[in-house]
Amino acid sequence: MALVETESPLETLVPVPVQNGTEARRRELGAFVRSRRERMKPEQVGLHSARRRRTPGLRREEVAQLAGVGVTWYTWLEQGRDIRPSAQVLDAIARTLQFDTHEQAHLFTLAGVATTTIANQCLELCPTAQPIIDQLEPYPAAVVNDRFDILAYNRVYATFFDDLDAIPIEDRNLLWLLFTDPAVRGNIVDWDDVGRLVAEYRAAMAEHLDEPAWETLVARLRDASPEFRTFWERHDVRGPDSRTKRVRHPALGLIAVTYTNLWLGQRLGTRIIAYTPADERTHGKLVELHASLPARV
């Protein structure tokens, strides 16, 4: 028999038939999570303790509380007991222990839970999409998925950011950058344009309610940005469209562009967003900018 957690925060344990996982994989999963818990400092998760700790890292009950799971259930997870964690619970543990992209993918693999990471999407898509958006220069263009993760971009698009390549891939998300990066926020001229993106995200999320990455991004944005909370609580929804907008480029100043969605599949989701000049002045500025960029390596 296996033990599976319920949706209760206290994680009532219910016996269910074994459906997947081997003893060796369960032991490895427990050892992996335990090693990451022991390397964490309480200060990294906002905990402060006046008394000296007898063991390194966080306590099991601290991780359980921060992740919203029961202490007994979490202890069994580390002991390699035969339980079946859900994707939502694994995602909460990964966030609590501050896993990077590779660690989170490893956690899901050990638990036998399927997940599609941003990195995997890039590997599958970018080799074919990159040459297309490169040929759209001198106009900026990028490939995004329906969650607004930036999967690929050309050199002109990258000039809207301080150093897009240096941003961790899990943070390379349009909504996250627009609401949390001061430099990117400085590009915004009309906040209604950002509100449209939030409404589009909410509409797309209806098809992905069982995928933790969508809820995780919303939770992070709600914690980080009062502006996002305001937009999100409106419950506005809208589909993707093509329109003209003004944007403040770090080097070019105020420009006007028309953005167009070019879908890469039969379903509305991953697409190329191409930004073409809305007037001759913007066209001339983009041509000059493109001429000043270093050649592709």
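A residue is called buried under 20% relative accessible area, exposed over 50%, and partly exposed in between (1.4 Å probe, protein chains only). By that cut-off, 46% of the 297 residues of this protein are buried. This is a predicted model, in which local features need pLDDT of at least 70, side-chain atom pairs count only at pLDDT 80 or more, and totals for chains, interfaces and linings use all residues. Residues are numbered from 1 along each chain as its sequence is written, and side-chain values use heavy atoms, with hydrogens and water left out.

The protein has 13 helices and seven strands, taken as DSSP runs (H or I, at least four residues; E, at least two) and numbered from the N terminus. Five of the strands form an open antiparallel sheet in the order S4-S3-S7-S6-S5; two strands pair if DSSP finds at least two bridges between them.

| Strand | Residues |
|---|---|
| S4 | 150-153 |
| S5 | 243-249 |
| S6 | 253-263 |
| S7 | 271-277 |

S4 and S5 are the edge strands, each pairing on one side only. S3 (residues 141-144) is joined to S4 by three bridges, and valine 144 stands opposite isoleucine 150 in S4.

Ile150 is also among the residues with the most contacts inside the largest nonpolar core, together with Tyr157 and Tyr201. A second, separate core of 26 residues includes Leu58, Tyr74, Leu77 and Phe108.

Terms used: Core = buried A, V, L, I, M, F, W, Y, C linked by side-chain atoms within 4.5 Å. Contact = heavy atoms within 4.5 Å. Axes fitted to C-alpha atoms, helices over the stretch in contact; angles between N-to-C directions.
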